[in-house]
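Subject: A structure for you to look at

Hi there,

Here is the structure I promised to pass on to you. Have a look at it first, and then read on for my notes about its side chains.

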Amino acid sequence: MQAHPSFHRLAIADLTRETADAVSIAFDVPEALREAYRYVPGQYLTLEAPVGGELLRRSYSICSGLDDAELRVAIRKVEGGRFSTFANTELRAGDTIDAKRGWSTSASKKSSEAAERTWPT
């Protein structure tokens, strides 16, 4: 399946079980996309995946710090939440998922900080 325009297919570099009902997911952002996924605190990622035969999208706040050299979100399993249950029970490191960087009001005010963020080589 092709990623929806403006979404990029990203590999899951690491999936960590943070609590019994929450995982954090770090993404492998290819060099060619690093500028597109440069972020500042307050931004979120929209993830898209087929779940139960339906294409679902959910947005999650980026939880990695600017100095962490990774792009990571945390997803808490919500009772009845189809996407959060899928993420907590089905996703594994090495899987791919479609992602799109989002914005927030506070993030747009901090855009000058993003210019200083660099990815590790």
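Predicted model: local features only at pLDDT ≥ 70, side-chain atom pairs only at ≥ 80, totals over all residues.

R38 is buried, with a relative accessible area of 15%; buried means under 20%, exposed over 50%, and partly exposed in between, using a 1.4 Å probe and protein chains only.

Residues are numbered from 1 along each chain as its sequence is written, and side-chain values use heavy atoms, leaving out hydrogens and water.

How many salt bridges does a search of the whole structure find? The search gives seven. Among them is the one between R34 and E31, at 3.3 Å from N to O. Here R34 is buried at 18%, whereas E31 is exposed at 61%. Another joins E48 and R57, whose closest N and O atoms are 2.6 Å apart. In this pair E48 is buried at 3% and R57 is partly exposed at 39%. There is also a network, in which salt bridges with shared partners join D14, E70 and R72.

Now for the aromatic rings. Rings of Phe, Tyr and Trp (its six-membered ring) pair if their centres lie within 6.5 Å; planes under 30 degrees apart count as stacked, over 60 as edge-to-face and the rest as tilted. By this rule there are two aromatic pairs. The Y60 and F83 rings have centres 6.1 Å apart and planes at 35°, so this pair is tilted. Because Y60 lies in strand β4 (residues 54-61) and F83 in helix α1 (residues 82-89), the pair ties together parts 23 residues apart in sequence. Helices (H or I, at least four residues) and strands (E, at least two) are DSSP runs, numbered from the N terminus.

F83 is buried, at 1%. Its ring also pairs with F86: the centres are 5.9 Å apart and the planes at 65°, so this pair is edge-to-face. F83 and F86 are three residues apart in helix α1, or about one helical turn. Together, ring pairs link Y60, F83 and F86 into a cluster.

Happy exploring!

Conventions: Salt bridge = Lys/Arg side-chain N within 4 Å of Asp/Glu carboxyl O.
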